[in-house]
Amino acid sequence: MPDNWTTWGDTADGASYGGLTLQNEYIRAVVTNAGASLVSLESPDRTGEWKNIVVTAQEREDYLTNPSFLGATAGRFANRIARGEFELDGSKYNLAINNGPNHLHGGEVSFAHKIWQLLSPSRESVTFRLVSPDGDEGYPGELTVELTYQLKGRELILNYSATTDAPTVLNLTNHTYWNLAGAGRIDDQLLQISADRVLENDSDVLPTGTILDVAGTPWDFRTPKPIGKDLAETDGGYDSCFLISGADGSLRTAAIASDPASGRTMEVLTTEPGIQLYTANHFDGTQASAGWEQHTSFCLESQHLPDTPNHPEFESEFGTTTLRPDETYRQTTVHRFGIS
């Protein structure tokens, strides 16, 4: 192992897990093969003070169970699938029900809860690989996934690829919780999202299939505004998939966040058609929430639309989540950090 790797321990079945430090002039990050997760990310503010701006678990072994998906790779299907059911090529598949009446982020033992293989570690990049067997959490096909974390200047780049030996569904995202101040509530941190539209949710945060205009609603982030400005009007906080304007599979800006107090900024660019804003609505100060309270961080999860396998109307505009043996899934998401 390279000298920037630290072994944290072994799982019950003997798999070794630990953290790899990636560092350059602008960013210092730790990633772990437990869930291919981003553990911490430090960057300087306008005074030159470095601070971790990611919610980090209190104990290293928390990344093995990780109920809040801290920094994790969510899959095989990120976000929700209605009733844990979908049909593909005439066959019906049943998945774990782990979020109310629905399936969330890949099930009980999702990609976030598996030990990934470590490939090509260096000072500024690493690739994680996972082979998900046929029938894993109810999904068809043996799936091979690779995720590369790379530092390049002020950017943290995430490149995903995947192949399968049988038709399956796939939707990957990173589930990092951000706080650009490093602590405290996020009410005064500014957010802009490049989206004129957002998916309507039902009471279980499942898309109804209706697409809403954001104009005149609390979901209007087309120009920068404090995250807390309309938070009280959202029935507990934001947990919605925004439809990125002009998304065509090329890398484009999806969101820009900033903290006026520290001067830190973060631009999120992605090839995906949607981005889920989540404001840590369930955080309650417990170990599962890394000791953080509600609305002290936010997620910006680049992804395809939730429950797409049950909404063929989504596919015509936003693309399919079906992956076939002759295809390769690819996604790039970039976090670009700056100082204002």
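A charge sits over a ring if NZ of Lys or CZ of Arg is within 6 Å of the ring centre and within 35 degrees of the ring normal. This is a predicted model, in which local features need pLDDT of at least 70 and side-chain atom pairs count only at pLDDT 80 or more. Side-chain values use heavy atoms, without hydrogens and water, and residues are numbered from 1 along each chain.

Q: What makes lysine 225 a charge over the ring of phenylalanine 221?
A: Lysine 225 lies over the ring face, 4.4 Å from the centre. The limit is within 6 Å, so the pair qualifies.

Q: Which ring lies under the charged end of arginine 28?
A: The ring of tryptophan 50, with 4.4 Å to its centre.

Q: How many aromatic pairs does the structure hold?
A: It holds 12. Rings of Phe, Tyr and Trp (its six-membered ring) pair if their centres lie within 6.5 Å; planes under 30 degrees apart are stacked, over 60 edge-to-face, and the rest tilted.

Q: Why is the pair of phenylalanine 111 and tryptophan 116 called edge-to-face?
A: The centres are 6.1 Å apart, with 90° between the planes. That angle is over 60 degrees, so the pair is edge-to-face.

Q: Why is phenylalanine 86 called buried?
A: Its relative accessible area is 2%. Buried means under 20%, exposed over 50%, and partly exposed in between (1.4 Å probe, protein chains only), so phenylalanine 86 is buried.

Q: Why does tyrosine 93 count as partly exposed?
A: Tyrosine 93 has 22% relative accessibility, so it falls in the in-between class.
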